[in-house]
Amino acid sequence: MIFTPFVEVVMNFMIVLVSLFMTVHLFAHGGNKPGPHGGKIKMPGMFHTELLIKSHHNFRVYLLDMKFENPVIKKSKVQYSLNGSDKIICEPIKSYFLCKTKKMLKGSYTLKLFVKRHKMKGIATYKIKKMNH
């Protein structure tokens, strides 16, 4: 099929526009950008989790909406597993969940969050390379 130069320019522009939109969309769900409370963001479903490590023995989990806002604890639940251990239940406090551990959070480890925000469930996996506390 032969296109006029104008049609080719419009088609190329549309390809570039769609590519840019897809790239922005892919990187808009956390990545290296800190969340609203300064923590690490993951997207386990149609919502976000924000992990904020407070000390060697506890951390906070915020259940945020798609716009990284409105943390909730009502009708929600957070459990975690550290390096594949059994699930431990986190306690709802104000607008976040407080998760406590007897094991020290140091060195490299994998923290898996089993979360429910209202009726939506998901699993967020955080690979922590080094504790900075």
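In this predicted model, four strands make up an open sheet in the order β5-β4-β8-β9, and their pairing is antiparallel. The edges are taken by β5 (88-89) and β9 (120-128); each has a single partner strand, so one side of each is left without a neighbour in the sheet. Inside this arrangement, β4 and strand β8 (residues 109-117) are joined in the antiparallel sense over seven bridges.

The wider fold can be read along the sequence. Of its 133 residues, 33% count as buried. Among contacts with a separation of 6 or more, 49% are between residues 24 or more positions apart. The chain exposes about 9200 Å², and carbon and sulfur atoms supply 63% of that area.

Two aromatic pairs are found in a search of the whole structure. In one of them, the ring centres of Phe 59 and Tyr 80 are 5.0 Å apart and the ring planes meet at 75°; this angle is over the 60 degrees required, so the pair is edge-to-face. Phe 59 belongs to strand β3 (residues 58-64) and Tyr 80 to strand β4 (residues 76-82), so the pair ties together parts that are 21 residues apart in sequence. Both Phe 59 and Tyr 80 are buried.

The other pair is made by Tyr 62 and Tyr 96, whose ring centres are 5.5 Å apart with planes at 50°, so this pair is tilted. Tyr 62 also lies in strand β3, while Tyr 96 lies in strand β7 (residues 96-100), so the contact ties together parts that are 34 residues apart in sequence. Tyr 62 is buried, with a relative accessible area of 4%. Tyr 96 has a relative accessibility of 11% and counts as buried because the limit is under 20%.

The charged end of Lys 87 sits over the ring of Phe 114, 4.3 Å from its centre. Lys 42, in turn, lies over the face of Tyr 126, at 5.6 Å from the ring centre.

Phe 47 is found in the loop between β1 (40-42) and β2 (48-53). Although it is a loop residue, Phe 47 is buried, with a relative accessible area of 0%. Leaving aside residues up to four places away in sequence, Phe 47 touches Lys 42, Leu 63, Leu 64, Asp 65, Met 66, Val 115, Arg 117, Met 120, Lys 121 and Gly 122. Phe 47 and Glu 69 are 22 residues apart in sequence, and their C-alpha atoms are 9.7 Å apart in space.

What does a search for disulfides across the whole structure find? It finds one disulfide, formed by Cys 90 and Cys 99 with their sulfur atoms 2.0 Å apart. The torsion about the S-S bond of Cys 90 and Cys 99 is about 110°, so the disulfide is right-handed. Cys 90 is buried, at a relative accessible area of 4%. Cys 99 likewise counts as buried, with a relative accessibility of 0%.

Finally, the backbone deserves a look at two loop positions. Phe 68, in the loop between β3 and β4, has a positive phi of about 65° although it is not a glycine. Is this residue buried, exposed or partly exposed? At 26% relative accessibility, Phe 68 counts as partly exposed. His 118 is placed in the loop between β8 and β9. His 118 has a positive phi of about 60°, again without being a glycine. With a relative accessibility of 33%, His 118 counts as partly exposed.

How values were computed: Residues numbered from 1 in each chain as written. Predicted model: local features only at pLDDT ≥ 70, side-chain atom pairs only at ≥ 80, totals over all residues. Heavy atoms only, no water. Phe/Tyr/Trp six-rings, centres within 6.5 Å; stacked < 30°, edge-to-face > 60°. Buried < 20%, exposed > 50% of the residue type's maximum accessible area, 1.4 Å probe, protein only. Lys NZ or Arg CZ within 6 Å of the ring centre and 35° of its normal. Disulfide = S-S within 2.5 Å. Contact = heavy atoms within 4.5 Å. Pairing = 2+ DSSP bridges. Areas by Shrake-Rupley, 256 points an atom, 1.4 Å probe, with all protein chains shown as cover.
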